[in-house]
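Here is a guided walk through one protein model. Keep the structure open beside the text and follow each stop in turn.

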Amino acid sequence: MAKLFRAAIMGPPGSGKGTISKRIAQSFGLQYLSSGHYLRESIAANTDAGVLVRTYVERSMLVPDHVMTRLMLPRLEQLSNHSWLLDGFPRTLAQAQALNSLYQLDLVISLNIPYETLRERLSDRWIHPASGRVYNMGFNPPRVQGKDDITGEPLIQHDDDKPEALMARLRHYKDVAKPVIDLYKSQGVLHSFSGTETDRIWPYINSLLSTKMHTQPSDACQTQTP
């Protein structure tokens, strides 16, 4: 790939960001950087940033912008010769501005999924806390009910995935994401995709990336169409 390609994906909880991100990474050779993964990794490694992160996570508080940028920007500097896809960062306008000061994104994907679809997905979602692996009882169940496929450890359901908390989470996401979306729209790099099924949205994202990156996707990518 001659030109480095930098992209980000945005969407509310349960929008399928992780699934789509992995398909993009596998099909187009982008390094996939999940902020959630790095938060867990930094806590486990007990780094300076990880100690800071833990104080917020243990109190179920959002990690502030200055901590997120301190965690994520050095990671990107280590990948200065790679194309990458960000998931979960930038989450706020301050994070987007910090990122903008170092990198110009080529593409930002925004997923618009109806509330009822998100509610159904999240009510079926179970998580392995240590790794962040996500299971869905409807379409991606664990091999043994209630157990992580790899470690056999118990899965949990987050309180904030339950219906009573979901509306507040979605409202917060929209409030925080709107200025970020507006920023990338003004830069001409935002592309929004709407739908209720990841497999129906994917071919459009696949086609867009194929055009943007001037490269043919792999055969594996082409078989992902519904």
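**A walk through the model**

Leucine 155 is buried, with a relative accessible area of 8%. Buried means under 20% relative accessible area, exposed means over 50%, and partly exposed lies in between, with a 1.4 Å probe and protein chains only. This is a predicted model: local features need pLDDT of at least 70, side-chain atom pairs count only at pLDDT 80 or more, and totals for chains, interfaces and linings use all residues. Residues are numbered from 1 along each chain as its sequence is written, and side-chain values use heavy atoms, with hydrogens and water left out.

Stay with leucine 155. Its place is the loop between strand E6 (133–136) and helix H7 (163–186). Helices (H or I, at least four residues) and strands (E, at least two) are DSSP runs, numbered from the N terminus. Which residues does leucine 155 contact, leaving aside its neighbours within four places in sequence? They are Trp126, Ile127, His128, Tyr135, Pro142, Gly146, Lys147 and Asp148. Contact means heavy atoms within 4.5 Å. Isoleucine 127 is 28 residues from leucine 155 in sequence, and their C-alpha atoms are 5.3 Å apart in space.

Now turn to helix H4. It covers residues 65–78, which makes 14 residues. From first C-alpha to last, H4 reaches 20 Å, close to the 20 Å expected at 1.5 Å a residue. The expected span is 1.5 Å times one less than the number of residues. The buried residues in H4 are Val67, Met68, Thr69, Leu71, Met72, Leu73 and Leu76. What covers them includes strand E2 (31–34), helix H2 (35–45), helix H3 (48–57), strand E3 (84–87) and helix H5 (93–100).

Serine 35 counts as buried because its relative accessibility is 8%. Not counting residues up to four places away in sequence, serine 35 touches Met68, Met72, Asp87, Gly88 and Phe89.

Phenylalanine 89 brings a backbone feature into view. The peptide bond from phenylalanine 89 to proline 90 is cis, with omega near 0°. Proline 90 sits in the loop between E3 and H5. Asparagine 46 has its own backbone feature: a positive phi of about 60°, although it is not a glycine. Most residues other than glycine have a negative phi, and most peptide bonds are trans. Asparagine 46 is in the loop between H2 and H3. It is partly exposed, at 48% relative accessible area.

The axes of H2 and H3 come within 8 Å and cross at roughly 110°. That makes H2 roughly perpendicular to H3. Axes are lines fitted to C-alpha atoms, for helices over the stretch in contact, and angles run from 0 to 180 degrees between N-to-C directions. Angles under 35 degrees count as roughly parallel, over 145 as roughly antiparallel, 65 to 115 as roughly perpendicular and the rest as oblique. From H2, the residues Leu39, Ser42 and Ile43 meet Gly50, Val53, Arg54 and Val57 in H3. By class, the residues of this contact are four nonpolar, two polar and one charged. Ala, Val, Leu, Ile, Met, Phe, Trp, Tyr, Cys and Pro count as nonpolar, Asp, Glu, Lys and Arg as charged, and the others, Gly among them, as polar.

Arginine 54 touches Ile43 and Asn46, not counting residues up to four places away in sequence. Valine 57 is also found in H3. At 41% relative accessibility, valine 57 counts as partly exposed. Valine 57 and isoleucine 43 are 14 residues apart in sequence and 9.5 Å apart, C-alpha to C-alpha.

Finish with a helix pair involving H5. H5 and H7 pack at an angle of about 35°, with their axes 8 Å apart. H5 supplies Leu93, Ala96, Leu99 and Asn100 to the contact, and H7 supplies Pro179, Val180, Leu183 and Tyr184. These residues divide into seven nonpolar, one polar and no charged.
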